[in-house]
Amino acid sequence: MQLHSMWASYPDLEKDLKDVLKTIEKNIQIRDKRVNQNVHSLIHAGGKLLRPAYALLMAEIGPDYERERAVSVAAALEVLHMATLIHDDVVDESPLRRGEPTIHSRYGNHYAVYTGDYLFTVCFKILSKHSDSIQNIEFSSRNIEKILMGELDQMRMRYNLNVTVKEYLSRISGKTAQLFALSCYSGATASKASRQMAIKAWNIGHYLGMAFQIIDDVLDYTSTDSGLGKPVLNDVLQGVYSLPLIYAMREQKPAFAPLLSKKSEMSDADLNLLLELIEQHRGVEKAFELAQKYTKKAQKEISKLPEGDYKEILGRLTNEILTRKI
């Protein structure tokens, strides 16, 4: 079972993450062989598994660490993430995910939507096997609502030239940071951490989730197709304007309007010109600076956690999120 190469530096965590994937596989039973194969391909497509990794690490905060329970909670959160990815790809009309054709591009939107729905149920099925995680079921359901509201906000703001930094941050807080925060919080509560520690875990997840999404959006303007595993600048063509573009437009919106008015019909030349304008107005640079601020906030909260080997790993991983290239 092959994991992302980043986990080779963390052998104990690597072992736990392999068991997370085994738990997911054991709980996924889709009769349709084509979709079943696609879901299993997604499981092993080289995702970084950051959310379950943070859940596993945060499970060491409390006084009642139990490995099987921690692995199950982490598996449930990764399944939840997979479900949102499948639905995201339908909405964004993305042809690739992690370098592979998306489910909807292979079999159509109906297959993809129902597959995503099925994975939502698998998430709760895994959690329900551990009575101590019942509180996570209610908490997770509330936060799924917030995640979906973030997706709806993104749809509502498509092709909006007047989108603000505040609106962008509100969107990614729901769309991305919420699931990171939920992962950290769920890991902490799985080990019966105090409410104070669980809240710290939530805050750490929120800050690192914000940094992660900002860097993800930066990479959309600085990576190649093969490096990122999905079409570069696809978000712009779909009308999803992220932080580098928003920062750049604040400086000189009239220069961007003629290009962006073409929406999904922008040519390669248009996209190249757009990249030049963003570089000229330091959009990527300013976005990275904000990601650094969120990373520092996460590290400040990590420093307040109880001592242990997990704490040093949390700090290293959080810095790697900021400096990653894919």
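The charged end of R51 sits over the ring of F212, 5.3 Å from the ring centre; a charge counts as sitting over a ring if NZ of Lys or CZ of Arg is within 6 Å of the ring centre and within 35 degrees of the ring normal. K263 is placed over the face of Y159, at 5.1 Å from the ring centre. The model here is a predicted one, with local features needing pLDDT of at least 70 and side-chain atom pairs counting only at pLDDT 80 or more, while totals for chains, interfaces and linings use all residues. Residues are numbered from 1 along each chain as its sequence is written, and side-chain values use heavy atoms, with hydrogens and water left out.

Rings of Phe, Tyr and Trp (its six-membered ring) pair if their centres lie within 6.5 Å, with planes under 30 degrees apart called stacked, over 60 edge-to-face and the rest tilted. For Y185 and W202 the centres are 6.2 Å apart and the planes stand at 85 degrees, so this pair is edge-to-face. It ties together distant parts of the chain, with Y185 in helix α8 (residues 165–190) and W202 in helix α9 (residues 195–222), 17 residues apart. Helices here are DSSP runs (H or I, at least four residues), numbered from the N terminus. Both Y185 and W202 are buried, which takes under 20% relative accessible area (1.4 Å probe, protein chains only).

Helix α8 itself is mostly covered, with 23 of its 26 residues buried. A181 belongs to this helix and, at 1% relative accessibility, counts as buried. Setting aside neighbours within four places in sequence, A181 is in contact with W202, G205 and H206, where contact means heavy atoms within 4.5 Å. Further along the chain, I278 is 97 residues from A181, and their C-alpha atoms are separated by 30 Å.

There is also a kink in α8, of about 50 degrees and centred on A177; the bend at a residue is the angle between axes fitted to the seven residues ending there and the seven starting there. Even so, the end C-alpha atoms of α8 are 35 Å apart, which agrees with the 38 Å that its 26 residues should span at 1.5 Å a residue. That expected span is 1.5 Å times one less than the number of residues. Just after α8, K192 takes a positive phi of about 60 degrees.

Helix α12 (residues 243–260) is another story: a straight helix of 18 residues would span 26 Å, but α12 spans only 15 Å between its end C-alpha atoms. A kink of about 115 degrees lies at Q252 in α12, shortly before the proline P254. The buried residues of α12 include L243, Y247, M249, F256 and L260. Its buried residues pack against α8, α9, α11, α13 (268–280) and α14 (283–302).

With 12% relative accessibility, N234 counts as buried, and it touches D92, S94 and D220, not counting residues up to four places away in sequence.

At the level of the whole chain, there are two domains, domain 1 (1–130) and domain 2 (134–325), with bounds from an automatic or database domain assignment. Their centres, taken over C-alpha atoms, are separated by 20 Å. The contact between them takes 40 residues from domain 1 and 44 residues from domain 2.

Definitions and conventions:
Helices (H or I, at least four residues) and strands (E, at least two) are DSSP runs, numbered from the N terminus. Buried means under 20% relative accessible area, exposed over 50%, partly exposed in between (1.4 Å probe, protein chains only).
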